[in-house]
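Dear colleague,

Please find below the structure that I am handing over to you. My notes on what was found follow directly after it.

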Amino acid sequence: MSDNDQKLADEWAAALGEQAQHDGSENSFDAAQPAAIEQFQENTSTGKAPLTREERKKLDAIMDIPVTITMEVGHAKISIRNLLQLNQGSVIELERLAGEPLDVLVNGTLIAHGEVVVVNDKFGIRLTDVISQVERIKKLR
């Protein structure tokens with residue numbers, strides 16, 4: 001991790017900690033830290049063997065693959081006629097109600113819901129509900 005990345009991570013951690021103190025919510029930033037590969041090992045008490053060195057290498061190789069994460073406020077369908085009439089100050093009504101959680105998508109797949117937060121004059125998102133792997137797989141079928 002570069003010095004700039006570490007500095008940014010520290011700023012987010014501090015800001016989220018301050019926000020948690022102000023609104024009484026729990027600071028979950030520590031839980032969002034990257035998981036160590038050892039945490040992905042199978043439990044040996046279930047009879048499954050721990051990851052082999054080769055499996056660890058494979059897992060380590062995919063950890064740096066970039067993915068696109070998108071926070072979706074909502075969407076709307078409009079005609080091309082209406083699209084061409086848009087100008088500065090135009091308002092487009094979305095299907096989502098005010099205060100409803102945002103969708104968090106990774107490579108177009110819904111993985112969580114969250115709420116907008118402001119940290120050091122930048123927008124961020126606090127995850128409020130993470131979709132389980134089982135639910136994500138069901139949606140693929």
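Arginine 96 is found in the loop between α3 (80–84) and β2; helices (H or I, at least four residues) and strands (E, at least two) are DSSP runs, numbered from the N terminus. Please note that this is a predicted model, in which local features need pLDDT of at least 70 and side-chain atom pairs count only at pLDDT 80 or more, while totals for chains, interfaces and linings use all residues. Residues are numbered from 1 along each chain as its sequence is written, and side-chain values use heavy atoms, with hydrogens and water left out.

Arginine 96 counts as buried because its relative accessibility is 16% (buried means under 20% relative accessible area, exposed over 50%, partly exposed in between, with a 1.4 Å probe and protein chains only). A polar atom of its side chain lies 3.4 Å from the backbone oxygen of glutamate 72. Not counting residues up to four places away in sequence, arginine 96 touches Glu72, Val73, Pro101, Leu102 and Asp103, where contact means heavy atoms within 4.5 Å.

**The chain as a whole**

The chain contains 4 helices and 4 strands, and from the N terminus on its elements run α-α-β-α-β-β-β-α. Of its 141 residues, 16% count as buried. Among the contacts in the chain with a separation of 6 or more, 32% are accounted for by residues 24 or more positions apart. The chain exposes about 11,700 Å², of which carbon and sulfur atoms supply 53%; accessible areas come from the Shrake-Rupley method with a 1.4 Å probe, and for residues only the protein chains shown count as cover.

**The sheet**

The strands form an open sheet of 4 strands in the order β1-β2-β3-β4, with antiparallel pairing (two strands pair if DSSP finds at least two bridges between them). β1 (69–72) and β4 (122–130) stand at the edges with a single partner strand each, so one side of each is left without a neighbour in the sheet. On average, neighbouring strands of this sheet are turned by 40° against each other, direction ignored; the axes are lines fitted to C-alpha atoms, for helices over the stretch in contact, and angles run from 0 to 180 degrees between N-to-C directions.

β1 and β2 pair in the antiparallel sense over 4 bridges, and isoleucine 69 has valine 106 in β2 as its bridge partner. Strand β2 (residues 102–106) is joined to strand β3 (residues 109–119) by 5 bridges, and these two strands run antiparallel. Leucine 105 has leucine 110 in β3 as its bridge partner, and valine 104 stands opposite alanine 112 in β3. Because 4 of the 5 residues of β2 are buried, this strand is largely enclosed by the rest of the structure.

Histidine 113 lies in strand β3. Its side chain makes a polar contact with the side chain of aspartate 103 (3.1 Å); a polar contact is a pair of N or O atoms within 3.5 Å, and within protein one must be able to donate a hydrogen and the other to accept it, while residues adjacent in sequence count only if both atoms are side-chain atoms.

**Turns and loops**

The hairpin of β2 and β3 has 2 residues between the strands, and asparagine 107 takes a positive phi near 50° there. Asparagine 120 lies in the loop between β3 and β4 and has a positive phi of about 50° although it is not a glycine. Aspartate 121, in the loop between β3 and β4, has a positive phi of about 65° and is not a glycine either. Asparagine 120 counts as partly exposed, at 47% relative accessibility, whereas aspartate 121 is exposed, with a relative accessible area of 78%.

With kind regards
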